[in-house]
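Reader: Before I plan anything around this protein, I would like to go through its helix packing and its pockets with you. Could you take my questions one at a time?

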Amino acid sequence: MAKLFALPHKQTRALVMAHLIGMLPVLFLSWQLWYDGWPIDPIASFTTFSGDAALNLIVASLAITPMVRFGLPKFIAVVRRPIGLYAFCYSIMHVLVYVWLDYGWDWQLMSQNMFTKRYLFVGLAAFVCLVPLALTSTQAMQKRLGRWWKRLHQLNYIAALFAATHFIWLVKSDVREPLVYASVILFLLGLRLFWFFRQKNRQS
């Protein structure tokens, strides 16, 4: 908390906004439960809620750098870390709903379905990619890893692609929504690759 108040005023406001964005899915779910009552199929509802929240925040975290490069103030970049951590928290919730509420910690049944249902396998791969990103998100780890920190955190794009693929394979009929997510992620990845190769050509 002391570090938060030690930041410049604009960065502090940006961080407060990032936490509000991260809490928005929970607030929306609470409002739904209060207004509409308990859903008929709570497991399916919580699975969809946590998955959508995680994917939306993953995409939001990837969009921060392009938004800054296209003209937003540089202090906005401080929101990338908290938004990414909120995405990880919702992904944990997504996995817990699956292994606890849906399968009741039946590891044998889960392992069988993991290899017969491809959307489960790629979804797990997305979660695995997010784990080292969350564990190395602190400034201390950034300093310790040095230049390797940025390379490691490029897993963000791989995790996002896995998450979008998980969504596409999960949907059985109308794939328009997951394809929109996939298109946005590919666009952001394309921008990153374009800037990388342009900088590399300038240095050569």
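Author: Helix axes here are lines fitted to C-alpha atoms over the stretch in contact, and angles run from 0 to 180 degrees between N-to-C directions. Please keep in mind that this is a predicted model.

Reader: How are helix α6 and helix α9 oriented to each other, roughly parallel or roughly antiparallel?

Author: Helix α6 covers residues 118-135 and helix α9 covers residues 155-170, and their axes lie 8 Å apart at an angle of about 160°. Angles over 145 degrees count as roughly antiparallel. The two helices, α6 and α9, are therefore roughly antiparallel.

Reader: Which residue class leads in the contact of α6 with α9, and with how many residues?

Author: On the α6 side the contact includes Y119, L120, V122, A125 and L133, while α9 brings, among them, I158, F162, H166 and W169. The crossing of these two helices is left-handed. Divided by class, the contact of α6 with α9 has 1 charged residue and 4 polar ones, against a nonpolar group of 16.

Reader: How do α2 and α4 run, roughly parallel or roughly antiparallel?

Author: Helix α2 spans residues 9-36, and its axis comes within 9 Å of that of α4, with a crossing of roughly 20°. Since angles under 35 degrees count as roughly parallel, the crossing angle makes α2 and α4 roughly parallel.

Reader: How many charged residues does the contact of α2 with α4 have?

Author: The crossing of α2 and α4 is right-handed. Its contact is made by L15, A18, H19, G22, M23, P25 and V26 from α2, together with P82, I83, Y86 and Y90 from α4. By class, these residues divide into 9 nonpolar and 2 polar, and the number of charged residues is none.

Reader: What is the handedness of the crossing of α3 and α10?

Author: The axes of α3 and α10 come within 10 Å and cross at roughly 35°. Residues L55, N56, V59, L62, A63, P66 and R69 of α3 meet Y181, V184, I185, L188, L191, W195 and R198 of α10. By class, that contact has 11 nonpolar, 1 polar and 2 charged residues. As for handedness, the way α3 passes α10 is left-handed.

Reader: Turning to the pockets, which helix supplies the largest share of the lining of the largest pocket?

Author: The largest pocket has a volume of about 1900 Å³, and of the 48 residues lining it, A77, R80, Q142, W149 and H153 are the closest to its centre. By class, the lining of this pocket has 25 nonpolar, 14 polar and 9 charged residues. The largest share, 8 residues, comes from the helix of residues 176-203, which is α10.

Reader: Which helix gives the most to the lining of the second largest pocket?

Author: The second largest pocket has a volume of about 830 Å³, and among its 34 lining residues the closest to its centre are T47, H94, Y98, L120 and H166. At least two lining residues are supplied by each of α3, α4, α5, α6 and α9. By class, the lining has 22 nonpolar, 8 polar and 4 charged residues. The helix that gives the most, with 9 residues, is α3.

Technical notes. Residues are numbered from 1 along each chain as its sequence is written. This is a predicted model: local features need pLDDT of at least 70, side-chain atom pairs count only at pLDDT 80 or more; totals for chains, interfaces and linings use all residues. Side-chain values use heavy atoms; hydrogens and water are left out. Helices (H or I, at least four residues) and strands (E, at least two) are DSSP runs, numbered from the N terminus. Angles under 35 degrees count as roughly parallel, over 145 as roughly antiparallel, 65 to 115 as roughly perpendicular and the rest as oblique. A crossing is left-handed if the near helix is turned anticlockwise from the far one by less than a right angle, and right-handed if clockwise. Contact means heavy atoms within 4.5 Å. Ala, Val, Leu, Ile, Met, Phe, Trp, Tyr, Cys and Pro count as nonpolar, Asp, Glu, Lys and Arg as charged, and the others, Gly among them, as polar. On a 1 Å grid over the protein atoms alone, a cavity is a set of points where a 1.4 Å probe fits but cannot get out, and a pocket is an open set with protein on both sides within 12 Å along at least five of seven lines; lining residues have an atom within 4 Å of a point. Grid points are joined across faces, edges and corners, and a volume is the space filled by probe spheres set on the points.
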